[in-house]
Amino acid sequence: MHSAIRLSWLARFPQLDRYAMGLSGLCAVHCFASAVLVALASTAGGMLLNPAFHEIGLTVAIILGALALGRGIFEHGYMAPAVTGSLGLGMMAGAMQLPHGNGGETLWTLIGVAILALGHDLNRRAAH
C-alpha cells in the first residue's frame, strides 16, 4: 500500500505509455532519416548524428520508460511489459557503443526501439 501511495501521482498520466510509444516512433523516424540524410548530404546528417543528440534522446526514453513501465507494474502487477521495454532500452544503449556509419548502430537501435514500443504496448493493454 505504501508504494501505491508513493506512485499515485503517476496515475494522473494514463497516456504515459502512448507518449512513450510516440517517442519510440520518433526515434525510429530519426534513425531512418539520419541514415538517408547521411547518404544524401553529410553536412546535414552530421548534425543529426551528433552523440549529444542521441544521449539526450536515450535519457528521455529511459526516464519515460521507467515512469510508464514502472507504473504498470504497480497498476496491473505484470513484469513482462517492463522486462520487454528494458530489453529494448538496453539494445538502444548498446547500439550507441557501435561505430557510426556502418549501419549496425542504426539496425540495432531500430530493433531496440521496436522492442521498447512493444513493451509499452503490452503495458497499455495490461492496464485495460
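The protein chain exposes about 7,600 Å², and carbon and sulfur atoms supply 72% of that area. The model is a predicted one. Of the 128 residues in the protein chain, 32% are buried.

The protein chain has 6 helices and 0 strands. Its pattern along the sequence reads α-α-α-α-α-α. Contacts between residues at least 6 apart in sequence were also sorted by separation: 73% of them join residues at least 24 apart.

**Salt bridges**

The structure holds 4 salt bridges.

| Pair | N to O distance |
|---|---|
| Arg 71 and Asp 17 | 3.3 Å |
| Glu 75 and Arg 71 | 3.3 Å |
| Asp 121 and Arg 125 | 2.8 Å |

Which parts of the chain does the pair of Arg 71 and Asp 17 tie together? The side chains of Arg 71 and Asp 17 meet in a salt bridge. Arg 71 lies in helix H4 (residues 51-76) and Asp 17 lies in helix H2 (residues 16-40), so this pair ties together parts that are 54 residues apart in sequence.

Are these two residues buried or exposed? A residue counts as buried when its relative accessible area is under 20%. Arg 71 has a relative accessibility of 6%, so Arg 71 is buried. Asp 17 has a relative accessibility of 2%, so Asp 17 is buried as well.

Arg 71 also meets the side chain of Glu 75 in a salt bridge. Glu 75 and Arg 71 are 4 residues apart in helix H4, which means that about one helical turn separates them. Glu 75, at 45% relative accessibility, counts as partly exposed. Asp 17, Arg 71 and Glu 75 are linked in a network of salt bridges.

Another salt bridge joins Asp 121 and Arg 125, with 2.8 Å between the closest N and O atoms. Asp 121 and Arg 125 are 4 residues apart in helix H6 (residues 104-126), so they are separated by about one helical turn. How do the two ends of this pair stand, buried or exposed? Asp 121 is buried, with a relative accessible area of 15%, whereas Arg 125 is exposed, with a relative accessible area of 55%.

Notes
Residues are numbered from 1 along each chain as its sequence is written. This is a predicted model: local features need pLDDT of at least 70, side-chain atom pairs count only at pLDDT 80 or more; totals for chains, interfaces and linings use all residues. Side-chain values use heavy atoms; hydrogens and water are left out. Helices (H or I, at least four residues) and strands (E, at least two) are DSSP runs, numbered from the N terminus. Buried means under 20% relative accessible area, exposed over 50%, partly exposed in between (1.4 Å probe, protein chains only). Contact means heavy atoms within 4.5 Å. Accessible areas come from the Shrake-Rupley method with a 1.4 Å probe; for residues, only the protein chains shown count as cover.
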